[in-house]
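Have the structure open as you read.

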Amino acid sequence: MSATGSLEQQALALLETALEQPSPERVAWIRAQAGQDEALIQRVISLLEMDSSAGATLRTGGASRDVGQTPAPDHAGPYRITELIARGGMGAVYKGERDTGDFEQTVAIKIIRPGVLSDSLIARFEMERQILAKLSHPNIASLFDGGALEDRSPYIAMEFVDGDPITQWCDTANLGLDDRLWLFQDVCAAVQYAHQNLIVHRDITPSNILVTKAGQIKLIDFGIAKPQSNVDLQDDTQDAPGKSLASLSFTPGYAAPERAKGALANTLSDLYSLGKLLEDLVQDLPASADIAAIIAKASAHDIASRYASVDALIDDLKNYRTKKPVDARNGGAGYRFSKFFQRNRLLMTLGAVSVLGLTIALVITQYQYNRAEAALFHANERFEQARGLSKAMITDVYDAIEHIPGTLEVRENLAGIVKTYIDGLASDPNAPDNVLLDVAIQNTRLSDLYGGLGVANLGDTETSYVLLLRAEQALSRLLEQSPDDVNAIDEMVWVKRLKSNQEMTYQLDMAAAQKTNAEGLALAERGLTFPGSQETRLYFRLWNSRTDRVKILMYENDYDTAISEARRYREELAASNFEEEPRRRNSRLGYFARLEGEALADRQRWEEAIPPLVYAVSAYDTILEEDRSSYYYNLQKMTALGPLVMSYLKLERGEDALLAARGAVELAETLRDGDPMDASGRGYVATQLEMLARVQASFGEPSQAQSTITGALDIRRAVITDFQDTLGHRRDLAGALKTAGVVYQTIDMTETACSTWREALSVLDQLETKESLTEIERDVWKPEILEHRQAADCPE
Amino acid sequence: MNNSNLVNSKQLLQAWRAGDTDARDALFKLLYSELRQVSAALLRAESNNSLSTGDLVNEAALRLIKLDQIEWADKSHFLALSARAMRRVLIDHARKKKSDKRAHHKVTLVTRIEGAAQRLDMDVLEKSLIRLSVLDAEKADIVELRYFGGMSLQEIAEVVGASQSTVKRQWRVARAWLLDAMMEGQNVGDGIT
């Protein structure tokens, strides 16, 4: 199957070739290859970035480790691990002891699992660790140490806090409002300290604020905290929404609403969380209007309405404690401050607000853009998935099972599902190139299924041909739009080939077959001059079309040209240094040898026919040694045996003829038994039985010959009953009857011979009334039969 | 594992090679149950062993067939089938674990360090892998062989009949695509974007 056009598949293919380029040149290379297709360029570049940040994810055999729980390491740096505290998706926290013996210290060790962080995130983790190490505050759990384990998993060692979440502690201790406010003020002081050090906590929740048995507040889990800087703001905006480690890290309910929209975390989002925490702390106590106002101001939905900083919140709490009017209630900024300070603070606030406002506007725009993009992406994705699914069924699944015997029924079911779908696709007047190519490919596969030549099929050749025409139509549209699309050319050459074959074999329209074949050959030769054609199957399809050319020449009785073309192609193949599997090469050499032998046999040049035919049989034997069940090669071998039997027969090499004929019958039976629903299979058996009967009539037991030919005729008649409308099967019956007559006469059953020939003539007459008699039948078979009848003195 | 199973699986392998898909399915079932057994201890984290997935696959395969006594082509097909069975075992396990987790919610200290997008969720991986196989079955197979089957690049190259460098490139492309797809799947699942 050729490469198809979905964006995702193009991106996969392009990325694969991009990786062959030296790494600094990849992006430029991708742009050069993708031309104007900006969507493709962006997609491939984003995948390329993903590749470089993949780190140690999805390692060889890593599945069990990623699923199973990693056993706790014995040590992390100087710490001996004693027990597991908690486990999360990205790693685990252990309790550890300092092992060096110089002093005792219990620590909490957080270990990031190997493979979950990319290299760039590991670097970030390291950076955060260094900044956190500088924080020294009684209400912030200290960070002692950090490093990496042997397997490169990063770890940090923190102060081990044996405590309870603040809300739980307050409830257990049954604290009143004042005590709760004191504790809350400590929390605020710790956050304020972090903010002064340019660190935002980002995840202020009750479970990250512990109270020790001694009643001391400890903020933990600054793991995601990172410095406030312009560089960082930029980082966060670019990553938003959702892709950076930090921007996803918040607890719904505690996180500021703007963060849910992908905004960067900042001091004001921490402030919002503090407001929410206060709300949680006082919720079961009698209501206080002042406290409610403070909570409302801290956790105002609108950022500009919040306190300007944690300092302002602390100040207002102090106002409440000292029974002064709280800012939150009168909204006035500052009769308690000097004018100077007031003005400066106001300026600072305004400055901060406007910068923030700008940033937020940017982030929101970005967010909305991403939302629209995402909606489009998902719509496209659903379409792609549906298309992909149908394509997978008809190409991948179909191709995979096509040559496996016994799958005909499965493939029939596949066809029904897919046919409805592609009819819908094809009716879209705006269908893009890749959809058209899909339509073509799927029609082609379906065509094979209904009546493909040389593959197990349902015997419905009419439907099969119509499907090919549809494929041709879709590809013509596509090639009008993009005449240089090698994938479309590739598929078109294939469609032309199948079409030409059907015209030749089912419709017996040799002129049409030759025309279609010539179109395919020309297209293939043209396509092979385009860049990228070596990625397609064009080379092989050119050769397929060439084999067809020889076959058509033979059908048209131009044997001399057929023989010389076959020889020319064989020589060209032998001299070609095109790199391909030996199996393919053997297959092609075998094929041309077979055609050459067939043509020679048809010219009754029996002696000359034998060497190429023997060559062909042995070439196929070599291939079949590797894969005995191959439908195709069994068929090819069987076909080569036909003229070989005939040549032996004519040269009166009885033993050789019998051996070859029996071999051919066996092959035919193998093919038929592989797929009992396959209409061709029975035809093959009949043909080989006919041949065997002729050999047996001349060189074997007459009774054997008689039963063999009866078997063949029974099959022919049964096939016609099953497929009434396929004229080819009637033609086969006429041929079988003609042969049967010869067999009967040879074993001295002249009467039966005469009646059999009469029947043959009447079948041919029926065909003639349907204007479906070929030249051979009219000019060769009919006179031959008449001659036979005359020679045998048959009654009129 | 008794002797009759050993004989049985060899016959199944031969039948499969001859085109019998029922035999393949039967063989898959055998492998699946073997793998489930040999990997149970590891997945429960009861022991401190450090068996990799590849070791497990080989172990399970060995219990069914003496690998050195079969032809290379058979062996590679067999290992590839084992990789598929391993994938099933691990996905089953991950899903079970996930549903257990939902049953009793617990507060953890390690709350927020994991960006959801970075977590390797087997379920999401499996869904992404199925999508990849629709787009490019060859690449999805390579992921299966490598990540679930623990096969080396060289072994995979031999199984799929491509050069090692081609396999490696395909692997990188598949991995990049999967990681991207998994982020996408995760974000959608979390309802954050």
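Before we get to the helix pair, a word on the angles: axes are lines fitted to C-alpha atoms, for helices over the stretch in contact, and angles run from 0 to 180 degrees between N-to-C directions. Keep in mind that this is a predicted model. Two spots are worth a look: the packing of helices H20 and H22 of chain A, and an open sheet of 3 strands in chain A.

**The helix pair**

- Helix H20 (residues 538-555) of chain A packs against helix H22 (residues 582-602) of chain A at an angle of about 10°, and their axes lie 10 Å apart.
- Angles under 35 degrees count as roughly parallel, so H20(A) and H22(A) are roughly parallel to each other.
- On the H20(A) side, the contact residues include A:Tyr539, A:Phe540, A:Trp543, A:Val550 and A:Met554.
- H22(A) brings in, among them, A:Arg584, A:Arg588, A:Tyr591, A:Phe592 and A:Leu595.
- Sorted by class, the contact of H20(A) with H22(A) has 9 nonpolar, 6 charged and 1 polar residues.

**The sheet layout**

- The strand order in the open sheet is E7-E9-E10 (chain A), and the pairing is antiparallel.
- Strands E7 (163-165) and E10 (217-219) of chain A sit at the edges with a single partner strand each, so one side of each has no neighbour in the sheet.
- Going from one strand to the next, the twist averages 35°.

**Strand pairings**

- E7(A) pairs with strand E9 (residues 209-212) of chain A in the antiparallel sense, over 3 bridges.
- Within that pairing, A:Gly163 has A:Thr212 as its bridge partner in E9(A), while A:Asp164 is bridged to A:Val211.
- E9(A) and E10(A) also pair in the antiparallel sense over 3 bridges, with A:Leu219 of E10(A) as the bridge partner of A:Ile209.

- Which residues cover the two faces of E9(A)? A:Ile209 and A:Val211 are buried on one side, and A:Leu210 and A:Thr212 are buried on the other.

How values were computed:
Residues numbered from 1 in each chain as written. Chains lettered and ligands numbered in written order. Predicted model: local features only at pLDDT ≥ 70, side-chain atom pairs only at ≥ 80, totals over all residues. Heavy atoms only, no water. Pairing = 2+ DSSP bridges. Helix = DSSP H or I, 4+ residues; strand = E, 2+ residues; numbered from the N terminus. Buried < 20%, exposed > 50% of the residue type's maximum accessible area, 1.4 Å probe, protein only. Parallel < 35°, antiparallel > 145°, perpendicular 65-115°, else oblique. Contact = heavy atoms within 4.5 Å. Nonpolar A, V, L, I, M, F, W, Y, C, P; charged D, E, K, R; others polar.
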